[in-house]
Amino acid sequence: MSHQLTLYENLANELGGLIASRVFAPGDRLPSIRHLAQQKRLSVSTVMQALRLMEDRGLVDAKPQAGYYVRHRPRMSVVMTDAEHLQEPAYVGINNLLMRVLRANEDPGLVQMGSAWPLQELLPMKRMQKTVAAVARRDPGLLSTVSCYDTNHPEFIRQIARRALDWGHLDQSEIVVTGSCTEALSLCLRAVAKAGDTIAIESATYFVLLQLIESLGMKALEIPTHPKTGPSIDALELAMNAGLVQAVLLIPNANNPLGCIMPEANKKRLANLLSQHDIPLIEDDVYGDLCFTPERPWPVKAYDTSGHVMLCASFSKAISPGSRVGYVVAGRYAQDIVVQKMLSSGATSQFFQAVLADFLTGSAYENQVRKMRRALSQRIARMSDAICETFPHQCTVSEPQGGFVLWVSLPEQVDALALHGDAVAAGVASMPGQLFSATGKFRNYLRLNCGNPWGPRTQAAIATLGQLVHRHADRPAGLRSAA
C-alpha cells in the first residue's frame, strides 16, 4: 500500500512540475488516463489517483467524457494603491533602512530574490569575453585613454542613435555617456533641481530613485499609480497646475516594482504637459528593451518636441552589469549635464563603450533581448503560480509587462520588514515594500526578483516565504507590533 501511494504522488508531482514550467499551460488537456498508464508503465487506478490528487491541489479540472484539463487560475491583480488625492511633498528618509536590508541580503548563501539583477546564466558572458578581447587587440590604446572632456565614444553614440530610429531621430550632440544609468539619473536631477525642490515620482517607485532624491536634499511627491497603466496623468496635471513640482522622475516602461507600461496616449499627453508648464522629466528607460509587448514600447522622449525629456538608460540589465556604462539623451539640458558629469566623475571608459558598440553592431543584441524576454516571462509566470499556490489567499501579485520583478501584497497585518528578517534567517532574500515609498507606504508588500532559474531551490524558497507569511498573518496583534 505504501509503495502504491508513492507511485501516484510521484506522478502527481511530475505532472505538477510540467504545469509549473508551462509545458502544459492553463486550458491544455492532459494526456489521457490510458496513455499515461502506458507511458509511465503504471496501472490505470494509480494514474486516476494521481489526477484526483492534482484536482484536490487545484491544478486540474475533470471534464466528463473529455478528460483532465489544466485549471485556469486567474492571476490576482494589485489594485491601485493610492486614492486620487495628492499628499504633501515629503523629504525622503530611507537610506539607513535600505543599507541595513542590503547588508542582510548580501549573504552568498541566500536565495537571492532581493536585488533586481538577472543571474549570469542569462547574460552573454562568452560573447562579451570574445568582444572584449577583440577590441583590446584592435585598439589597445583605449585601455589607457583618459580624457576629462571628451567622454563619448563616437561609434557607441551612433549605435544609440540607430537603435532609436524606430521611434524618432536623436540629435547625437544631446547624448551624454555616463558611468551607469544611476549616474545618468543623478546628473539629471542635479542639473534641473536643487535642495528643497519637489520631484514627482510614481507610487511605488524604485528605491534608488528615492535614494538620489534624499541624497540631494529634495522632496518627493508620490503620484497615484495604477499597476497596469502607471502614474495618473490627471494627478500629475493637478500637481503641475498647483505649482507643486519642479521636476518629474518616472519609469514609464516596465516600472520597478510594478512592471506597468504607461499607454502611448498618456506618454503623449505627459510630454505636452511638460512643455506647457516648462517642467523637466527624467525618464528611466533601463527596462524598455525587456518589455514583453509585441513591439518595444516607445519612451516619453519619442513625443518630446520641446527638449524637456531626459531619457536615461543602459545595457546593464541585458548585456553586462559590470561594464558600468549608461547614457542620457539630455535634450535642452545637455550642456548642464556635461558640466555635472565632468565635476563628478570625469569621462566614462572609452574601452567599454567600444566593447558595447561592437556588441550592438550586429544581431547579437536583438538575439540576446529576445532570449531574455522569453526566459523572464516564463520565470515570472512560474513564480506567480507558486505564490498563488503557497501564499495566503488574501495576497495579490502583480502582472508585470516587462522586467523581472514581482510586486506582492500581503495580508494587512503582515509587516514586510519583520518578515524580511525571518526570511533571511530562513535563507531567502527579498525587498520590503517600505523601501519603495518616500512616506513608508506599502508596509505589507514585497518585491521579489524572478531572475533566478526556476528549479527546486527557487521553488523551495517561495514555499518558505509562503509559510512565513502565513505565520506572520496568524500572529496575535501584540506580537506583530513587537516585531
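Predicted model: local features only at pLDDT ≥ 70, side-chain atom pairs only at ≥ 80, totals over all residues.
**Stop 1: the largest pocket**

Start by selecting Arg163, Asp166, Asp289, Arg296 and Glu366. Of the 31 residues that line the largest pocket, these lie nearest its centre. The volume of this pocket is about 580 Å³.

Now colour the elements around it. Those that give two or more residues to the lining are α6 (154-163), β11 (309-314) and α13 (364-390). Which of the elements gives the most to this lining? That is α13, with 4 residues. If you colour the lining by class, you will find 18 nonpolar, 3 polar and 10 charged residues.

**Stop 2: the second largest pocket**

Next, move to the second largest pocket, with a volume of about 400 Å³. Its lining has 22 residues, and Trp117, Thr182, Tyr206, Val208 and Lys317 are the closest to its centre. Select α7 (181-192) and α8 (207-215) as well: these are the elements that give two or more residues to the lining of this pocket. By class, the lining divides into 11 nonpolar, 7 polar and 4 charged residues.

**Stop 3: a cis peptide bond**

Keep α8 in view and select serine 203 and alanine 204. The peptide bond that joins them is cis, with omega about 20°. Alanine 204 belongs to the loop between β6 (198-203) and α8.

**Stop 4: a positive phi**

Another backbone detail is found at arginine 41. Where does arginine 41 lie? Look in the loop between α2 (33-40) and α3 (44-56). Arginine 41 is not a glycine, yet its phi is positive, at about 60°. Most residues other than glycine have a negative phi.

**Stop 5: a pair of helices**

Select helix α9 (residues 233-241) together with helix α10 (residues 264-277). Their axes come within 11 Å and cross at roughly 5°. Angles under 35 degrees count as roughly parallel, and α9 and α10 are therefore roughly parallel to each other.

To see the contact itself, show these side chains:

- from α9: Ile233, Asp234, Leu236, Glu237, Met240 and Asn241
- from α10: Asn266, Arg269, Leu270, Leu273, Leu274 and His277

The contact of α9 with α10 is made up of 6 nonpolar, 3 polar and 3 charged residues.

**Stop 6: a four-stranded sheet**

Now show the strands β13, β14, β17 and β16. They form an open sheet of 4 strands in the order β13-β14-β17-β16, and the pairing is antiparallel. Which strands are at the edges? They are β13 (396-397) and β16 (431-432), each of which pairs on one side only.

Zoom in on β16 and its partner, strand β17 (residues 445-449): the two pair in the antiparallel sense over 2 bridges. Select proline 432 and you will see leucine 446 of β17 standing opposite. In general, strands of a sheet pair through backbone hydrogen bonds, either parallel or antiparallel.

**Stop 7: the largest cavity**

Finish inside the protein. How many cavities of 30 Å³ or more does a search of the whole structure find? The search finds 3. The largest cavity has a volume of about 40 Å³. To locate it, select Gln87, Glu88, Ala220, Leu221, Glu222, Thr439 and Lys441, which line this cavity. The lining of the largest cavity has 2 nonpolar, 2 polar and 3 charged residues.

Notes: Residues numbered from 1 in each chain as written. Heavy atoms only, no water. 1 Å grid on protein atoms, 1.4 Å probe; cavity = no way out; pocket = protein on both sides within 12 Å on 5 of 7 lines; lining within 4 Å. Points joined across faces, edges and corners; volume = space filled by probe spheres on them. Nonpolar A, V, L, I, M, F, W, Y, C, P; charged D, E, K, R; others polar. Axes fitted to C-alpha atoms, helices over the stretch in contact; angles between N-to-C directions. Parallel < 35°, antiparallel > 145°, perpendicular 65-115°, else oblique. Contact = heavy atoms within 4.5 Å. Pairing = 2+ DSSP bridges.
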